[in-house]
Amino acid sequence: MGIPSRISPVLATLAIVASCGGRAAAPNPAPTETPAPPSYELWVVDQGETTPTGGGTLYIYKGADLAAASPAPAYTVNLGEAALGVGDGIGKHGHSITFNPAMTHAVIAYVDSGHVQVIRASDRKVVASIKMTAGPGGPAAPHATAVTPAGDAIVVANQGGKRLQRITADFKNDVYKLDSAADLDLSLLEDVDHPGNLPVIPVFTPDGRYVYVPMRGGGAYVIDYQATPMKTIATLAKAAIGPQSCCATFVKDTVWTTAQGGATTTTTSFNLYQVTGLPDKPVAKKILSRIGNVESHSVILVGQYLWVADRFANTVDIVDQTGDARTLNLASGPLAGRDPAPDIMALSPDASTVFVALRGKTPVTSNIKGLDNAVGDVGGFAILSVKDGGRDATVSSFVSLPLAAGASVVDPHGLRVRLVR
């Protein structure tokens, strides 16, 4: 799910040597203080149900605490209890999490109940719960959301409804409303080149004008999300982007996107694509492709490198922008001999650390029965130390989440860093 959409700037420190005329020595420069690293939080959503109808658990860690041997969350929120009496109520299986640009609110998509919830960061209260619209594809199933760069709306990839939907958002006054007039019914666009228009994740173009949305059945669309109703301006076919797409991120004007490939219930594969020519003339190029017990999933930018998590193979591929790749084995260091099942990744504000959600023994979403591509034995998250500007990393430590009150399984999935301003 998804993950940051713009290229991260690389900060360089320049040493400037000054001299004065004549023989006098230049005065020693005044000592400068090293700026404190940005303050941040790590928000982790456990999909394990905490009430008979759903719920889940939100764990919030302070960045400064994550260097401890056994970091404890600063806050724990029972998402079932927190949503009681709010809007459309409790959601089931909180699958992805994102923040508005001001980092004042989080948005969680519940893939099995159709809910989208907004959580105020200052007091961690659920301030809105909105159920999305069912459609030809079946019941509503929002897989991921993204808040517009202007911070005035939430774009929702509703897989079950085969719809891209828009929620108007006033984060200052906590007023949110589903704008049904904006709905883009993707089922009406299905054809031989687009056989399964279940939207996966909305990712904004770098200029913020359009949104790139890959489809579960293969292919992708570039969409004008500001139009009412929203409308497509360009498309890629299944032949260009394979089925079971998952995540995407922009590097300048190029989007890098993953697809698991294969049938939805029997096989997986690993595919990484580079899409250029956006917004109106997209062209896809396959950069990496593998078959077997592999499954490309989350993709993020670390320095100048693309990191792609392979949930099945327990690896992270680190790819430069020419396509050259090296593979990091996550079952190493503190995780040696374990089955991490890496999922969503997030980068710390200073780009020194990557956090990776690790699936549990009984994943409640995304697992192919009998194949167990999403099954792991940790149920928590890994902390990776970034090396060589993103070209390498080591497993520094990992955190196993507890079995939450009322839950029968531990299954983290959505994970995101919040910059504290």
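Let's start with Arg359: at 0% relative accessibility, this residue counts as buried. Keep in mind that the model is predicted. Side chains of opposite charge can pair when their charged atoms come close, and this structure holds 15 salt bridges. Here's a quick tour of a few of them.

**Arg359 and its partners**
- Arg359 pairs up with Asp343, their side chains meeting in a salt bridge at 2.9 Å, N to O.
- Asp343 sits in strand β25 (residues 342-347) and Arg359 in the loop between β26 (353-358) and β27 (380-387), so the pair ties together parts that are 16 residues apart in sequence.
- Asp343 is also buried, at 0% relative accessibility.
- Both residues belong to a network of salt bridges that links Glu295, Arg311, Asp343, Arg359 and Asp411.

**Arg418 and Glu41**
- Here the side chains of Arg418 and Glu41 form a salt bridge, with 2.9 Å from N to O.
- Strand β29 (residues 412-419) holds Arg418 and strand β1 (residues 40-46) holds Glu41, so this pair ties together parts that are 377 residues apart in sequence.
- Arg418 and Glu41 are both buried.

**Arg209 and Asp224**
- The side chains of Arg209 and Asp224 make a salt bridge too, at 2.8 Å, N to O.
- Arg209 is in the loop between β13 (203-204) and β14 (211-214), while Asp224 is in strand β15 (residues 220-224), so the two tie together parts that are 15 residues apart in sequence.
- Buried or partly exposed? Arg209 counts as partly exposed, with 29% relative accessibility, whereas Asp224 is buried, with a relative accessible area of 7%.

Note on methods. Residues numbered from 1 in each chain as written. Predicted model: local features only at pLDDT ≥ 70, side-chain atom pairs only at ≥ 80, totals over all residues. Heavy atoms only, no water. Salt bridge = Lys/Arg side-chain N within 4 Å of Asp/Glu carboxyl O. Helix = DSSP H or I, 4+ residues; strand = E, 2+ residues; numbered from the N terminus. Buried < 20%, exposed > 50% of the residue type's maximum accessible area, 1.4 Å probe, protein only.
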